[in-house]
Amino acid sequence: MGILILCRPGFEPEAAAEIADWAARHELAGYPQATRGEGWVRFHFFDPAPDHALPGPRDLIFARQRVRVIADLPDLPREDRLAPMLAALREAGITRLGDLIVEHPDSDAARPLAGLARSFGNALRPALRREGWLAELSDPRLPCLHVCFLSGTHVLLGLSEPRGVRLWPQGIARLRVPKDAPSRSAAKLEEALETLMSAEERARWLQPGMTAADLGAAPGGWSFILARRHVRVIAIDNGPIQPALLDTGLVEHLRADGFTWQPPRPLDWMVCDMVEQPRRVAARMADWFVHGWCRHAIFNLKLPMKKRWAEVQANLGDFHARCEAADIAVQTRARQLYHDREEITVLAWTGR
Ligand SMILES: C[S@@+](CC[C@H](N)C(=O)[O-])C[C@H]1O[C@@H](n2cnc3c(N)ncnc32)[C@H](O)[C@@H]1O
């Protein structure tokens, strides 16, 4: 039945190339099916795939959601979608579910399905409980059932395993950023902190009183998010920083070039949102780890070019190669966040 991936509309080629690479690395033969602009990719296996054949929640950059497909219902009758769906779940041998997510791709064509998804979820949830498949309270240890409406009559049913990561409908983290944030980019860093790290990592890695540099900080959205967590920030940018942010006393503004500025002493964090060639950014980010200027970093790689998957692989490969050459062990997790447009966001950290 394969794997269903939801992605940012327009990034289907990247999501398809990435899942094909993942499958090849795991010696799973198959092919991706995608149409540009539809916001989803399906990977079909040539042979029946083992049950565990599903990328982990943080294994793919361009996947907002990834689900093991258990049933394809291309012709659901509009007057009763529920009965065929329950029959398909019975046939698939469903016994225990930890949660239910009813969703649809994020494309222009599929967005009007939001109302249907909501009302259908309200009908399906009690039906799953009556069958004894779904408990009253969600249980993150059990698989989550995904009902994905590709159209009003075409539904894919799938399962995902949370594996310690919070699951969101459409894979879109719904986060509130205060209205007084200096820029909309603030939501991007908030989403990165929430989705690229576990709660336990956040508690350990991001503590009040820590220090950070924000390269390309103006007007201050990312510094604002760090200062809210009581981190002291040096904001590097030739542009102005919101005065209210400077008034907190937690943010110091330096007019300098983010590609040459060095911190006077090692910092806990470096974040970088400079709009520049991704190759140049990745190389500079590696400098920070090679010189021991930070232990954790979150940076954006802008992708205005055509071959974006190849570019991402080259840049992350270059970043790791530079760190390895200096014998610095650095790990990364990358994702195209909901708030990312033509870019991805990378978390990097060293155990040092
Ligand atoms: C997308 S904006 C950053 C928005 C910011 N993260 C926020 O949340 O408000 C990019 C910033 O990078 C800055 N920038 C670009 N090249 C830079 C460089 N070489 N050194 C420092 N800042 C740079 C620009 O001045 C611009 O303010």
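This is a predicted model: local features need pLDDT of at least 70, side-chain atom pairs count only at pLDDT 80 or more; totals for chains, interfaces and linings use all residues.
Biologist: What makes you say that the charged end of Arg 308 sits over the ring of Phe 11?

Modeller: A charge sits over a ring if NZ of Lys or CZ of Arg is within 6 Å of the ring centre and within 35 degrees of the ring normal. For Arg 308 the distance to the centre of the Phe 11 ring is 3.7 Å. Arg 280 sits over the ring of Phe 259 in this way, 3.8 Å from its centre.

Biologist: How many aromatic pairs does the search of the whole structure find, and why is the pair of Tyr 31 and Phe 46 called tilted?

Modeller: The search gives 10 aromatic pairs. In the pair of Tyr 31 and Phe 46, the centres are 5.7 Å apart and the planes make 35 degrees. Tyr 31 lies in strand E2 (residues 30–34) and Phe 46 in the loop between strand E3 (40–45) and strand E4 (65–73), 15 residues apart. Helices (H or I, at least four residues) and strands (E, at least two) are DSSP runs numbered from the N terminus.

Biologist: How do you know whether Tyr 31 is buried, exposed or partly exposed?

Modeller: Buried means under 20% relative accessible area, exposed means over 50%, and partly exposed is in between (1.4 Å probe, protein chains only). Tyr 31 has 40%, so it is partly exposed, whereas Phe 46 has 56% and is exposed.

Biologist: Why is the pair of Phe 120 and Phe 149 called edge-to-face?

Modeller: The planes of Phe 120 and Phe 149 stand at 85 degrees, with the ring centres 5.5 Å apart, so the pair is edge-to-face. Phe 120 is in helix H3 and Phe 149 in strand E6, 29 residues apart. Phe 120 counts as buried at 8% relative accessibility, and Phe 149 does so at 0%.

Biologist: What does helix H3 pack against?

Modeller: The buried residues of H3 pack against helix H2 (82–91), strand E5 (99–103) and strand E6 (144–149). Among these buried residues are Ala 117, Leu 124 and Leu 128.

Biologist: How do you know that Cys 144 is in no disulfide?

Modeller: A disulfide is a pair of cysteine sulfur atoms within 2.5 Å. The search of the whole structure finds 0 disulfides. For Cys 144 the nearest cysteine sulfur, in Cys 148, is 12 Å away. The sulfur of Cys 148 is 11 Å from its closest cysteine sulfur, in Cys 7, so the distance is too far for a bond. Cys 144 is buried at 2% relative accessibility, and Cys 148 is buried at 1%.

Biologist: Why is the contact of Arg 111 with Asp 106 called a salt bridge?

Modeller: A salt bridge is a side-chain nitrogen of Lys or Arg within 4 Å of a carboxyl oxygen of Asp or Glu. The closest N and O atoms of Arg 111 and Asp 106 are 3.3 Å apart, so the pair qualifies. Arg 111 is partly exposed at 38%, and Asp 106 is buried at 14%. By this rule the count comes to 25 salt bridges.

Biologist: What makes Glu 343 and Lys 302 a link between parts of the chain?

Modeller: Their closest N and O atoms are 2.8 Å apart, which gives a salt bridge. Glu 343 lies in strand E14 (residues 343–350) and Lys 302 in strand E12 (residues 296–302), so the pair ties together parts that are 41 residues apart in sequence. Both Glu 343 and Lys 302 are buried.

Biologist: Which residues do salt bridges with shared partners join into one network?

Modeller: The network holds Glu 190, Glu 194, Arg 202, Arg 228 and Arg 229. Glu 190 and Arg 228 form a salt bridge with closest N and O atoms 4.0 Å apart. Glu 190 is in helix H4 (residues 186–195) and Arg 228 in helix H6 (residues 221–228), 38 residues apart.

Conventions. Residues are numbered from 1 along each chain as its sequence is written. Side-chain values use heavy atoms; hydrogens and water are left out. Contact means heavy atoms within 4.5 Å. Rings of Phe, Tyr and Trp (its six-membered ring) pair if their centres lie within 6.5 Å; planes under 30 degrees apart count as stacked, over 60 as edge-to-face and the rest as tilted.
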